[in-house]
Every structure is written in structure tokens, then in C-alpha cells.
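Please give a short report on this structure for someone who has not seen it before.

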Amino acid sequence: MWVNIRLKHPIRLAVLILLCFAGYDNPGWSQQDTDLWNKANAFYSHKQYDSALVYYNALLRDAPGNAFLHYNLGNTHYRLNNVGLSVLHYEKSLHFDPDNQQVRDNLKLAKARIQNPLPEITPIFFVRWWDNLLLLFSPNAWAWFTLLVFIVILATIYYRVTLKDKFTNSGRWLSAAIIVFILSSLMTWFTFDLADDSGKAVVLDPSATLVETPQLSGKVMNNIPEGTLLEVYGQQGSFLNVKLPNGRMGWVQSNLVAKV
Amino acid sequence: MIWKGLVGSVVLLLLHICTIAQEIVFSAQVNTQKLGLKDQLQVTYTLSNAPGATNFQAPSFSGFSIVGGPYQSNSSSISIINGQTRQVSSVSLSYVLEPIKTGSFTIPPARVEVNGKTVSSNTVTVQVVNGSLMQERMNQRTDPFDDDPFTAMRRYQQQLRQQMMQQRGRQQPQQANSEADGLSEKNIDKNIFIKVEVDKTNPYQGEQITASYKLYTRLPMSVNLTQLPSLNGFWSQDFQIPNPPKAREEIVNGKKYQVFLLKKSALFPQQSGTLELDAAKAEGIVRVLQQVKGHNPFADDPFSSFFMDDPFFNEDAFIGYNYKDVKVKLSSMPIKINVKPLPTLNQPGSFTGAVGTFDVKASVDKTILSTDDAATLTFTISGSGNLKLIGNPKINFPSELGIYDPLITDTITGRNPAITGSKIFTYSINPQTPGDFTIPAIPLAYYDVHSGSYKVIKSDPVKIKVVAGKNYSNTIASQKLPGDIHNIYTGSWNGGSRSLAVSHIWYWLLYAIVSAVLTGLILIHRRQEAYAENTALLKNKKANKVAWKRLSAARKLLTQQKHKEFYEEISKAIWLYLSDKLGIPLAHLSKENVALELSNKNVPITQIERVRSIVLECEMALYSPIGGQQQRQHTLDEAVAIISELENVLKTKNIALQHVG
């Protein structure tokens, strides 16, 4: 009898521990930041976008990863007709909060303002699937799922030890759980990697050009309009190795773009 | 109009030449060999190298009437050939004639006396037919579709020149005396000028004014327009002017002028303030008359002496005018137009600059269409006024219809005198969402100059039904761009950034904790198991001893004759022994499961049977004590014997099992 009671115990314990740590997830914020936020929003609603921008930028120092802040910044830059910065902040907002449809709509509008935009090619289906899979759950969701699977594995081991012959097919269950655990760990890693560095950059300078070699004298292959989203593959000196939306690869001066 | 009149033209030519050793040439030329009854003929007599020529006798122009002339012109040229200087001077006289009847006519030679000799000119034969040949030729030369203004202007000038020649010729006989003075060179600017006429000089912004550039002349001339007015600040719409040009007669200050319309435009001021109609400029040659009578223009001309003596030139009817070509530059006076701004009071919101009187109409080419289709909405403004200056109407289209900027077509249909026509806004409709839509009534506000007020007219609303097309799906519909960005997030500040669990140590500590908990649990479980096993083993070991104790107690009870207690003791000894040995709690034991359990442990059937019988006997004896002392002694021995035997059997089995394990 007491064995059953004991089995529930570790789960309860885990839940308790998780609850404890959940509080830690929301770090405190200062009253000052709240004031800045309210002021900036007020300026924005009075169409004083310059002033709003100053306050939003002040907040950005404290909270560089706040999706809403980037969203509002994107709107402000959109109103000020800074196409590049507007796209950059919308992309950042989406980077931190990929499910926000409002941000997607506004990003679409901001991109419509790009002068002579490059044509976008849609990637092959499995690349699209992979991207969607990565966006499906946040790295935190994957991390907690991995932990859960780990607990399931331990529970399976425990039952196997205690119930012995009564727990039939315990080996199958255990190996299935371990496979899920490995996959989930990998997904955690990939999503974490993506969250850490989106691998994208936005062109902020209308004079940016795509050059063949990472040199100032490199042969110009393409003009890149302001606001274009680039995929970054590497860096060499002051040049980034990038891929344009139209699929061309080349180098671009890193001071003309901003990483998302 | 001039062409309809019959004009003939005759040139008399007189010349006197004093250059020695020059051949005298006296010739007659006509401008055409064949002419219509309504045409004019110009005959020119030229006398070269004949100084001192006198007594010019014009032939009798039978079949013609003289309508103009003689006009005299002098020319001379000097050429040096092989070191010899040659001077050629010539005098020509021309007459303008009108035929009286049809037929073939020979104009007889004219005569002139040179140094006492009479010289005759050649004869000229012309044919006169019905109608007007000149008109036809003129028409052939005029390309009505040629819209190059300067080419047209050149031709126009040629025509003007000819007409003026003719016109002058016709007028000459009647007006020669009275007008001769006024037509001299010094009065040239009174006799030819360009005048601009406007019907209003104080219009509203956008109100039509009509400007006419007119050439007034009393002189024959050949003038080319060199600069058309640029009309800055106006939207101008040119009126068609007759081609070939027609002269009208206009009397200014009691003098009759021929008036040619150079340019007539409807002008719509585009801004308020003072605007200037800049000058139209023309350059050319004007033929001014010089009267010979009474004062000889050739007084100091050594070749002109014959005019003095010539009775022909002394006759009043044939006053000896000669003409002189004078270069002129004509320019109209700029005219200032004060444009009044439109009143801002009561200006409707839908006003986009229309001034005049208009009507509006809106229509679509289909009222039912699918999302794959496109339709066209046509908004037509028709009427008179500044059509071209009307801005796009402000229409609140339903955004689902996908209507963007219109295509604008201006059509001018009438200019009599107000510019009338239509302005058509063509909107392409590309619906994205099915449903019933209404294009609202489209208002047009315009300023009516006559009533001095703004008026608003509206088209009828148009209903459109959109059905889903083949390619329609909700995803496509949702992909369309919203009109404006969504507003900012105005919720409360939620602090810093999202933190990633993986990047915190506590996340990894959780794995350690969970693993530790599991290890602990397994260890505890193991210990419990080991303990349970140990107690069973102990009981098994002690079972024999306990049984023996109970049996010895039973032996005492047998001697004491306590039968009931005796059987109880025996029963307990056997049950407790079985319980311990089989590891089954006492409460769960029964005869049946004991037998089953014993047979599982490979205890022989006979012994199981003996256990059953002794247990049964004890139970029976407990309730009905029967049998004597001997019977009880036997039961005791039997119990001792069966426990010993079971002990042997179970022990060996245990050892055997342990060996196998």
C-alpha cells in the first residue's frame, strides 16, 4: 500500500519545485520604467513621435528583450517614416513573440514602404516546415517538456525496479521515453539557439550594397533597399556574409545593417 | 471671302535704265495662265536697263477690269564681272485684274519709249473659266490635319499676304485718294497691329475668360508669328480658328481694317492674383504706299525721270503710287487679369476646384461579379467650366472592393463660347471579399459664377454584388494589407525580457533533484524489500521451535486432563507453524489454501492429507470432545510427527531453491 503513496510523491515534489521557480521567471521591474513606458505611450497617442521615441529608447536599455517595447518602437519609427528601423523593431518583436498577429500585420505594412523591394523567394517546403516547427513552441516550452519526459523516464525506471515482472513491456516504454527525451532535448537546443541569435539583420542605410568579396573595393552585385531583411551566415572583419531575400549571397558592411 | 470676289491683277512695268551698253528688256508676266471667273490675275511689266524710259502705255485690258494698280517697285543690282562693273536697274509695274467673262484672252503688248525708241513687251495669253481655280489650289495646299502651329502659321501668312494684296487691290480704286496719306510708312503702327481682346479682366479663379489675339491691318503684308503667348498661370483651351483664315472688316476710329484672328483661347486662371496675358509677337514685311504725285519719291533717283514726264502717272485715276516693303515687328500689349479668389465662405468640404456648371453620373459596367473578376466604375463630370482643373472626387469606397487611383480622361466637346465637355474618372474594381456593397453617392461641389454660390450635386449610389470566385479563399482575404498599422500596445509595463529556462542553473538543478529523488526512492524500496524478506526467513527458522513449545504445552495439558485447551494448543501449533513456514498471515489461512500452498512446495499428498485430517480432528474435538486419553495421546504424536516431517520436507525444498537461485 505505501508504495502507491510513495509514487505520487516525486511528481508532487517536482510540481512544487517548478512552482517555486516560476516566480523567479518574472524579474522585478522598477517604477521608473513603468513611468517611462506610460509617458512614451502618451506621447505616441498625441502623435509626438519624436518624444515617444526618446522614451522608448530609454526603456530599451533596461529591457532589450521586451516584445511589446519593440512593437511600439516599430510603430513609432513607422510613423516617423524610418522604414529600416521600423522593420528592425517589428522583426525583433516577432523574434521575442512569434505568435503576435498584430506585429505581423504591421511588419507587412512597413515592408510595403520599402523602396524598390527585392523579390522574395519562398524556401523549399522542408525548410519552411523546419522553420515552422522551430516556431511552433518556445524554447521554454521545449525545456519544460524535456524535463517532463526526463521525469517520465525516471518513473518508468522506478516502476520497473519495484513492480518487476508485474510491469510488462517496461523495456519498450523505457526506450520510447528515452527517444522522445533525446528529440525533445535537440528541439530545446535548436529553439534556444534560434532565440539566442535569430541570424537575421535589417538594412538601415539606403546606400547599402551587396559586394562579392568582404572588401570596400569589392564588386557591387546588388543595391539593397533600406528595410530589407537579410540572413546572416557569418562575419569577417567589418563585413557580414548575408543572403538576400532573392537568394543572392554576398557581403555587406556590418555598420549599415542591424542584427535582429 | 476675298477669294469669292473677282480680282484681276495687272502689272505695268516701267523702267528707266541709264547704264550704257546694257540690253533693254521689257517683259510682261502673269501669275497664272489659267484662272476662274472669280479669281484675280496679276500682270507685271518689268523694264530693265532702260534709263530715261518715258511714255509708258498700258495695253487695253479687254475682257478684264482693273481693280488695282499700277503698283510700282524699283530695284537695282550691281555686279562686277571680269573687272567690269555692271549695274542692272529695273522698274516694274503691276496691275490687278478681274476677268469679266470666260474665254481665252490675249493681253496686248505695252509700250514704252526709251531714248526715243518705242519698245514693246511680249503678249500674254490667259484662259478664263467658270468658278474659282485659286480656291481649289488654296484648298489643296491646306492640310486640315496639320497641327504644327508654325507650319500652319506660315501658310496662313502666305494666304494673308495674297488676300491683302487682293484686298488692297479691290479697295484701291475707291479709297485711293482718301487713304493714300494714311498708308504711308510713318503711320505704319496705326495701320497694322496686334490686339488682344478679353471678355473679362476680373474673373474668379477657375472662371473661363476668352482671349482673342487679332491682327488688324490696312496694308498688304507678309507677316509671320514669331511668338505665341505662353499663357502662364492659365489652363488654356484653344478655339479652332478658320483655315484658310478669313478676314473680317472692322471699323476702328472710322477706318476700315481687315481683321485676322490669330489665336482664340478659353483661359481658366489657376491661381488668384494678378496674371498677365503675355504678348504675341510677329515679324514680317509690310508694303507701304508711297505717293508719287506732287512729290517725286525718285527725285534723286537718276533713273526715275520718266515718271515725271509720264502723263500716265499724272492722271488722278491712276495715281502713281509706288510701294515699299518695310520690315515690321509687331507685338501685342500685355494685358493684366485680376483673378479673384473663390469665396471661402460656405465652401463645401467636397469642393475640389470646379467652377462652372456641371452634372455628374456614376455607373458600373457590371453589378454582379465574382472575386476573380474586375469591374469598372465610371464617374463622369460633364458640363462647362474648368474641367481640366477639377481634382479627384473624395469617395469613401468600401475597402473590400479594392479600388485604387482612377484613370482620368478629359474630353472637350464644345467651345461655343464656353468650354464644354466631360471629365471621366475610371476606377477599376477588384473585389477581394464577397458580399453586397454600395458605392456611396459621389458628390461634386462647384462654384457657379452666375449665381455666385457653391452648389453640390451627387451621383446616384451604385450597388454591387460580389460572389466568391474560384480562387477565393479566406486565407487570400486575410492576406490583404490592412489600411493602417495597428495601434501600439498600451497595456501596463511588464518589465524585462523573456528569460530562457535553459540558460538558468536552476533548470539543470531540477534534473539533478529529480534524479536524486528517484535514486533515494529506489534505495528505500530496496531496503524495505530486504527487511520483509528477513522477517519471513526468521519466522521460518523459528517456526519449528514455536511448534515444539506449543506441543510440549499441549503435553502438559494432556496430563492435566484439560481437553479443550489441549486441542486448541495443538491447532495453534499447526496453524502458526504453517503460517510462518508458508509466509501467509494467519488470518488468510484456510484448509484449502494450505493444501494448495503445500502442494506448490512439492509436499507429498499423503502428508498434506495427514495435515488436513489432524486439523479437522482438532476442529471437531474443540466442539465435541470425544475419544479418550489414548486418542488424544495419538493426536499429539501425530502432530509432532507431521510437523517434523513437514520441517524436513520444507527445509530441503528451501535449500534446493536457494541452490537453484
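## Helix packing and strand pairing

H4(A) and H6(A) are roughly parallel to each other, because angles under 35 degrees count as such. This is a predicted model. Helix H4 of chain A covers residues 67–79, and helix H6 of chain A covers residues 101–112. They pack at an angle of about 25 degrees. Their axes lie 11 Å apart. The crossing of H4(A) and H6(A) is left-handed.

Which residues make the contact? H4(A) contributes Tyr71(A), Gly74(A), Asn75(A) and Tyr78(A). From H6(A) come Val103(A), Asn106(A) and Ala110(A). By class, four residues in this contact are nonpolar and three are polar. No charged residues take part in the contact of H4(A) with H6(A).

Chain B holds an open sheet of three strands. The order is E5-E9-E10, and the pairing is antiparallel. E5(B) and E10(B) stand at the edges. Each has a single partner strand, so one side of each is left without a neighbour in the sheet. From one strand to the next, the twist averages 25 degrees.

The strands of the sheet cover these residues:

| Strand | Residues |
|---|---|
| E5 (chain B) | residues 53–57 |
| E9 (chain B) | residues 111–114 |
| E10 (chain B) | residues 117–120 |

How many bridges join E5(B) and E9(B)? The two strands pair in the antiparallel sense over three bridges. One residue pair can be named here: Thr54(B) has Glu113(B), in E9(B), as its bridge partner.

Note on methods:
Residues numbered from 1 in each chain as written. Chains lettered and ligands numbered in written order. Predicted model: local features only at pLDDT ≥ 70, side-chain atom pairs only at ≥ 80, totals over all residues. Axes fitted to C-alpha atoms, helices over the stretch in contact; angles between N-to-C directions. Helix = DSSP H or I, 4+ residues; strand = E, 2+ residues; numbered from the N terminus. Parallel < 35°, antiparallel > 145°, perpendicular 65-115°, else oblique. Left-handed = near helix turned anticlockwise from the far one by under 90°. Contact = placed C-beta atoms within 7 Å. Nonpolar A, V, L, I, M, F, W, Y, C, P; charged D, E, K, R; others polar. Pairing = 2+ DSSP bridges.
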